[in-house]
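I opened the model and kept notes as I went. The entries follow in the order of looking.

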Amino acid sequence: MVLRLALLALGVLELLRPRKVVDFWMGLATTGGDEINLRPWVYSAARVEGALLVLWVLRRRRSGE
C-alpha cells in the first residue's frame with residue numbers, strides 16, 4: 001500500500017511538473033554540473049509515465065488487489 005501511494009504521488013508530480021521531476025533525477029544520476037542537455041521529448045515522456053503510473057495505481061485500487 002505504501003508503494004502504491006508513493007507511485008501515485010510520483011505520477012501526479014510527473015503529470016503536473018515533469019521538468020522539475022526529470023531535472024531532480026538527472027541531478028542525482030549525473031555529475032559535471034550544467035553540461036547536460038536533454039532532448040525536448042524527455043519531459044513529454046515523463047508526463048506520459050506519470051499518467052501511466054496514476055492509471056495503474058487507480059486500476060489496482062478498484063480491482064481490490
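Is Thr30 buried, partly exposed or exposed? I looked up Thr30 and found 27% relative accessibility, so Thr30 counts as partly exposed. The cut-offs are under 20% relative accessible area for buried, over 50% for exposed and partly exposed in between, with a 1.4 Å probe and protein chains only.

Before going on I noted the basis: this is a predicted model, where local features need pLDDT of at least 70, side-chain atom pairs count only at pLDDT 80 or more, and totals for chains, interfaces and linings use all residues. Residues are numbered from 1 along each chain as its sequence is written, and side-chain values use heavy atoms, with hydrogens and water left out.

Entry on the loop. I placed Thr30 in the loop between α2 (18-29) and α3. Helices are DSSP runs of H or I with at least four residues, numbered from the N terminus. From Thr30 to Trp41 I counted 11 residues along the chain, and their C-alpha atoms are separated by 19 Å.

Entry on α2. I found Lys20 in helix α2. Lys20 has a relative accessible area of 61%, so Lys20 is exposed. Lys20 and Gly32 lie 12 residues apart in sequence, and C-alpha to C-alpha they are 19 Å apart in space.

Entry on the helix pair. I looked at helix α1 (residues 2-16) against helix α3 (residues 41-63): they pack at an angle of about 145°, and their axes are 7 Å apart. Axes here are lines fitted to C-alpha atoms over the stretch in contact, and angles run from 0 to 180 degrees between N-to-C directions. I then listed contacts, meaning heavy atoms within 4.5 Å. Residues in α1 including Leu7, Leu8 and Val12 meet residues in α3, among them Ala51, Val54 and Val57. By class, this contact of α1 with α3 has 12 nonpolar, two polar and five charged residues. Nonpolar covers Ala, Val, Leu, Ile, Met, Phe, Trp, Tyr, Cys and Pro, charged covers Asp, Glu, Lys and Arg, and the others, Gly among them, are polar.

Entry on Leu3. I found Leu3 in helix α1. At 59% relative accessibility, Leu3 counts as exposed. Leu3 and Val57 are 54 residues apart in sequence, but 9.6 Å apart in space, C-alpha to C-alpha.

Entry on rings. I noted that Arg19 lies over the face of Tyr43, at 4.1 Å from the ring centre. The test wants NZ of Lys or CZ of Arg within 6 Å of the ring centre and within 35 degrees of the ring normal.

Methods:
Helices (H or I, at least four residues) and strands (E, at least two) are DSSP runs, numbered from the N terminus.
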